[in-house]
Amino acid sequence: MATVSPALHGHDHADSHGHGHHEIGFIKKYVFSTDHKVIGIQFLVTTLLMLMVGGALALAVRWQLAFPWENMPFLGDIFGLFRTEGGQISPEFYTMLFTMHASVMIFLVIIPVLAGAFGNFLIPLQIGADDMAFPVLNMLSYWFMWPAIFCFGTSFFIGGATAGPAGGWTSYPILSAIMEAAPGSGDAQTWWLFGLTLVGVSSMMGSVNYMTTIINMRAPGMTLFRMPLTIWSMFITAILQAFALPVLTAAGFMLVTDRLLGTVFFVPSEIIVNNAEPTVGGGQPLLWQHLFWFYSHPAVYIMLLPAMGMVSDMLSCMCRKPVFGYKPMVYSMAAIAGLGFIVWGHHMFTSGMNPALGMTFMTSTMMIALPSAIKTFNWIGTIYDGNVKFNAVMLNCAGFVALFIVGGLSGIFMAAVPVDIYFHDTYFIVAHFHYVLFGATLFGVFAAIQFWFPKMFGRLMNDKVAKVHFVLTFAGMNGTFFPMHLLGIAGMPRRYADPYFHTYLEHLLPMNQFMTFSAILMGCAQFLLLGNFAYSILFGEKAGRNPWNANGLEWSAPSPPGHGNFDEPPVCYRGPYEYSSPEAEALGQDFILQTSPPPAGVKKADPAHH
Amino acid sequence: MKKFWAIFFWFWPVVALVLCVMAPSQGWWFPGPPGTQMGERIQGLFELILGIVTVTFIGTNFALGWVLWQAASKGDDKKAFYSHGSHSLELIWTIVPAFVLLFIALYQMDVWAEYRVQSFYPEETKQGSVAEFMARQFEWRVRYPAIGETLKDEAQPGDLYMVNELHVPAGRPVKINLRTQDVQHAFFAPQLRLKQDAVPGLIIPVWFDVPKAGNYDVTCAELCGWGHYKMKARIVVESQQAVDAYMRKLQEEQTEDGFVEEAAEEE
């Protein structure tokens, strides 16, 4: 197969480039495309749309928390179509809202935008390959997203609009295992599980492809330690996916058979739910939690590591400096991935599992904070004494670092088991994971969209609009999520349709209203992103091959790259972060492409020797 | 404009800190002082972590703002400092946080052991539980043993029942058996700083020692269906005499119906 000989393979394409590719029809070129760039952009556009769906669900949740039982504006009329109470949010509808908010954001936005969109688009370009190792598999990985979206969509409506899946995204049995347990535990839950499985299938196809491509198809000279950190992060993420996903898929099937075929993996005996027949059991609900979190904790890093890698790339470019501590960055990502497999129990400190496990999981969880700390210090070190370009890419990256600090530090409280006794399942945890997943990952994604946009479409996004988007989102994000720490300290539990039912939470209403206004501001700001995105595809300032004066292989290709990516098979001469190096200076510039041969008379700088 | 961005990244952590400093006076803090001794120790551990985290938060955000400020103060044509990092700095910021984190982890162990490891439970709790606290959609059912009896896992004929209200004596450790009848729930008593999931199929003992008489909230902290938010109960902590009187009242209400003899004969 050509994949074992990338240079030769690439060469074939370069030869055939310019003839033979015009004949590809519209459908093959833009719809069922096997080109990694088209697939990446398909993923990106899909996930941006899903981001708006998930955001709308979140705003409905926020509305209920700020104005409980009051009719929803705008959306209320739409939902009112399905409901007798008009625009009011019923408690079962509320549980569905947060369940689907989480499901959409995690499975249809964060995971596919990182691995699907940027993984697809960047991996072949950054390692100098002409496409993925398995292009058809790659196409299927995108097209398996749509059945997943269809299943999630069906789950909304199958039982009527008030009986969407309502078991939370974690879907703990018995609530999710027995049809009678809640209005949303019927068919909606089954469809939700099918959707979950299909997302898993899609991710698995992607991750097999990424691993193979990164191992086999690197350009000559692209040694492992010359790979950009984006590629390292995608590689590690793909490994995480490949090892963790089968567990979730298996658990999902077990839950489906519990529901449909009468098995009792997760159902103990003698349980009477909602006046249904007593269960005939012998199963263990805790088993689901172990299996679920064995996937879903590594999944947290699947949702973060690629953003970390991309931010490292972008910070280095925008500060015109090599990444501070390239190898420690790689090792700390590897450490996060490795430790990520032995910390899942920290989601279960109060679950009633053996208390000795609580202690071991606490220690491993504390230790996983270490590589994250190292990475944060290295990012700050990267900015230090750089020639910083204060554009929207840089600001979003700095925002990523600032918000990741908060998310990382708040995690320490919950890693400590005794303190977690109090904070478990309160708003403190909601604050924590939104700082990591929204604050860090999405800000990284915003930066990455603006950074690689010219490579995708040959045009730049408007920097001024992007800056306004950054400020509004950053302010809205902190206004929404920072007070959640305080709500958590005040003891407000998660997933309450009406927390003010409890007198000790009544006084928190004004703060919740403030947070809702911040969330609405943040939600509206995303239209700036979408508008800027759509406008710039058509009318943005034209960009050349290398608008940011960056070093990576992708910047030596045309913008947008044609089928087969590179004019000629690239050869890599150095690491990706040699900004302001003596070699670059010899050329009279502050960057030097990885494909530039070493200028005569300059000592070769190799970051591998540090 | 560049300096604006550096100030921007300094400004918001200051706002966040001010908010946190204001929080206790505004009621955005714990719901009252810890109701148990265990709760006090948990709060102490919280404050220890809070201290470490606050110092780190200020330090890292100051550093981030400072590197941006420094870059903003320089001209555009200033060459960046060409460096791939520093081995000794990496060592420092690996080893120091490692020890801090390990210290935090080890420092928590004994509180956790006392809370959850049964061999570390106080002597007084080893005679058995005072009540069974059974969660169901969407209420808490309390089952006491008959006066003078001990609590059995299976319901007994003389058991006394109540919904959403648990009476326990003040000033000594008491243990309850946490169970659920249907889906998973979690017992959360915010003022007592207690939380434990009620897992289908398991009986989980939970102990606490509340020195001060009073009413304490109980809520559910694990999603259990549409009425999750409604699972409101309270723990009434009072003197042993008051608890005894309450039990007698319960027994009277549940066993005496006013025409005992005739009804018994007809049976």
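Chain A comprises 19 helices and zero strands, where helices (H or I, at least four residues) and strands (E, at least two) are DSSP runs numbered from the N terminus. The radius of gyration of chain A is 24 Å, close to the 25 Å that the globule rule gives for 610 residues, so chain A is as compact as a globular protein of that length. This radius is taken over C-alpha atoms, and the globule rule is 2.2 Å times the number of residues to the power 0.38. Taken along the principal axes, the C-alpha atoms of chain A fill a box of roughly 80 × 50 × 50 Å. The model is predicted: local features need pLDDT of at least 70, side-chain atom pairs count only at pLDDT 80 or more, and totals for chains, interfaces and linings use all residues. Residues are numbered from 1 along each chain as its sequence is written, while chains are lettered from A and ligands numbered from 1 in the order in which they are written.

Within chain A, helix α17 (residues 463-489) has 27 residues and reaches 39 Å from its first C-alpha to its last, close to the 39 Å expected at 1.5 Å a residue; the expected span is 1.5 Å times one less than the number of residues. Just after α17(A), A:G491 takes a positive phi of about 90°. A positive phi, near 65°, is also assigned to A:E270, a residue other than glycine, and A:E270 is placed in the loop between α9 (229-260) and α10 (285-302) of chain A. The peptide bond from A:S559 to A:P560 is cis, with omega near -10°, and A:P560 is found in the loop between α18 (509-539) and α19 (582-586) of chain A. Most residues other than glycine have a negative phi, and most peptide bonds are trans.

Chain B contains five helices and 10 strands. Its radius of gyration is 27 Å, whereas a compact globule of 267 residues would have one near 18 Å. The C-alpha trace of chain B spans about 105 × 35 × 35 Å along its principal axes. Chain B is divided into domain 1 (2-73 + 86-119) and domain 2 (125-257), with bounds from an automatic or database domain assignment. The C-alpha centres of domain 1 and domain 2 of chain B lie 36 Å apart.

An open sheet of five strands in chain B has the order β3-β2-β1-β5-β8, with mixed pairing; two strands pair if DSSP finds at least two bridges between them. The edge strands, each pairing on one side only, are β3 (160-163) and β8 (204-208) of chain B. Strand β5 (residues 174-180) of chain B runs antiparallel to β8(B), to which five bridges join it, and B:I176 stands opposite B:V206 in β8(B). A cis peptide bond links B:Q137 to B:F138, with omega near -5°, and B:F138 lies in the loop between β1 (131-136) and β2 of chain B.

The contact between the chains takes 83 residues from chain B and 91 residues from chain A, two residues being in contact if their C-beta atoms, placed from the backbone, lie within 7 Å. On the side of chain B that touches chain A, the largest share, 16 residues, comes from α2(B).
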